[in-house]
Amino acid sequence: GLPTPDLIWQLNGKQIRSDGSHKMLVRENGVHSLVIEPATARDAGIYTCVATNRAGQNSFSLELIIAAKEMLRAPVFIEKLQNTGVAEGYPIRLECRVSGVPYPQIFWKKDNESLTQNTDRVSMHHDNKGYICLLIQPTTKEDAAWYTVSAKNEAGIISCTAKLDIYSPQWHQTPSSKPKKVRPSASRYAALTDQGLDIKSAFLPEANPIHLGPQSDLVESDDL
């Protein structure tokens with residue numbers, strides 16, 4: 001307008017003054033801006049821009065709604081990876097459970113190598129309840145390593161590591177001794193076979209590490 005009008009901002013009918021979180025800017029092209037940073041619940045309401053000069057007055061209004069910010073919670077392991085071992089050729093699942101808000105991104109590493117894609121033998125799984133699984137079937141000697149799983153969101157990152165040992169069978173398998181396929185499940189306690197067997201049933205009795213002799217330092221986990 002001519003002459004150039006004076007401009008004020010109001011919140012719910014009360015004039016806004018510049019302070020640490022409210023700034024009024026004017027660009028070279030005459031565009032006025034009200035910058036609120038950071039915005040809080042107290043900034044919600046009806047905003048009115050009023051322009052006045054000798055010829056008159058004009059205004060417009062709008063409503064600003066401040067949405068509640070989602071509470072952030074750093075990832076936490078409810079259940080961590082456990083050291084384990086298995087006879088070569090048999091399947092194994094490395095499992096843990098994590099929580100966090102928002103739900104974290106999951107990353108796997110084998111020693112210092114990132115696992116980014118599923119393969120015919122190695123696949124990564126997770127569900128919306130926080131269960132995480134790295135499934136290897138069948139296992140080979142090259143699978144023996146330290147495995148690390150990391151969970152990351154906006155609030156933080158957490159990791160845990162476990163060792164997987166692969167043992168060489170010390171006997172000849174009969175034709176009926178083929179390893180059973182393991183399916184990823186929604187829960188580490190869920191069934192692993194079509195018959196709904198416990199995880200121990202996914203391995204033949206002969207493959208139980210406790211038969212490897214007194215030299216074995218592997219301790220069977222009750223969680224498995």
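**Strand pairing, cores and local geometry**

In the predicted model, Ala151 stands opposite Ile158 in β15. Strands here are DSSP runs of E, at least two residues long, and helices are runs of H or I of at least four, all numbered from the N terminus. Nine bridges join β14 to β15, and the two run antiparallel. Strands count as paired if DSSP finds at least two bridges between them. A hairpin of two residues connects β14 to β15. β15 also pairs with β8, in the parallel sense and over four bridges. There, Thr84 has Leu164 of β15 as its bridge partner.

Residues are numbered from 1 along each chain as its sequence is written, and side-chain values use heavy atoms, without hydrogens or water. Because the model is predicted, local features need pLDDT of at least 70 and side-chain atom pairs count only at pLDDT 80 or more, while totals for chains, interfaces and linings use all residues.

pLDDT is the predictor's confidence in each residue, from 0 to 100. The protein chain averages 80, and 76% of the residues score at least 70. Over residues 186–224, pLDDT stays under 50. The model has 65 contacts beyond four places in sequence for this stretch; a contact means heavy atoms within 4.5 Å. Where pLDDT is low, the predicted coordinates should not be read in detail.

A nonpolar core is a set of buried Ala, Val, Leu, Ile, Met, Phe, Trp, Tyr and Cys residues joined through side-chain atoms within 4.5 Å. Buried means under 20% relative accessible area, exposed over 50%, and partly exposed in between, with a 1.4 Å probe and protein chains only. The largest nonpolar core has 22 residues. Leu81, Leu94, Trp108, Tyr147 and Val149 have the most contacts inside this core. At least two of its residues come from each of β8 (84–87), β9 (92–101), β13 (131–136), β14 (145–153) and β15 (156–167). Beyond four places in sequence, Trp108 touches residues including Leu81, Leu94, Met124, Ile132 and Val149. A second, separate core has six residues, among them Trp9, Leu11, Leu34 and Cys49.

Trp9 is buried, at 10% relative accessibility. Phe60 is partly exposed, at 44%. Aromatic rings of Phe, Tyr and Trp (its six-membered ring) pair if their centres lie within 6.5 Å; planes under 30 degrees apart count as stacked, over 60 as edge-to-face and the rest as tilted. The ring centres of Trp9 and Phe60 are 6.4 Å apart and the planes stand at 85 degrees, so the pair is edge-to-face. Trp9 lies in β1 (residues 6–11) and Phe60 in β6 (residues 56–64), 51 residues apart.

Four strands form an open sheet, in the order β2-β1-β5-β6, with antiparallel pairing. β2 (14–15) and β6 are at the edges with a single partner strand each, so one side of each lacks a neighbour in the sheet. β5 (residues 45–53) pairs with β6 over nine bridges. Cys49 stands opposite Phe60.

Glu95, in strand β9, is buried at 5% relative accessibility.

Two peptide bonds can be listed as cis. The bond from Glu37 to Pro38 has omega near 0 degrees, and Pro38 sits in the loop between β4 (32–36) and β5. The bond from Val101 to Pro102 has omega near -5 degrees, with Pro102 in the loop between β9 and β10 (105–110).
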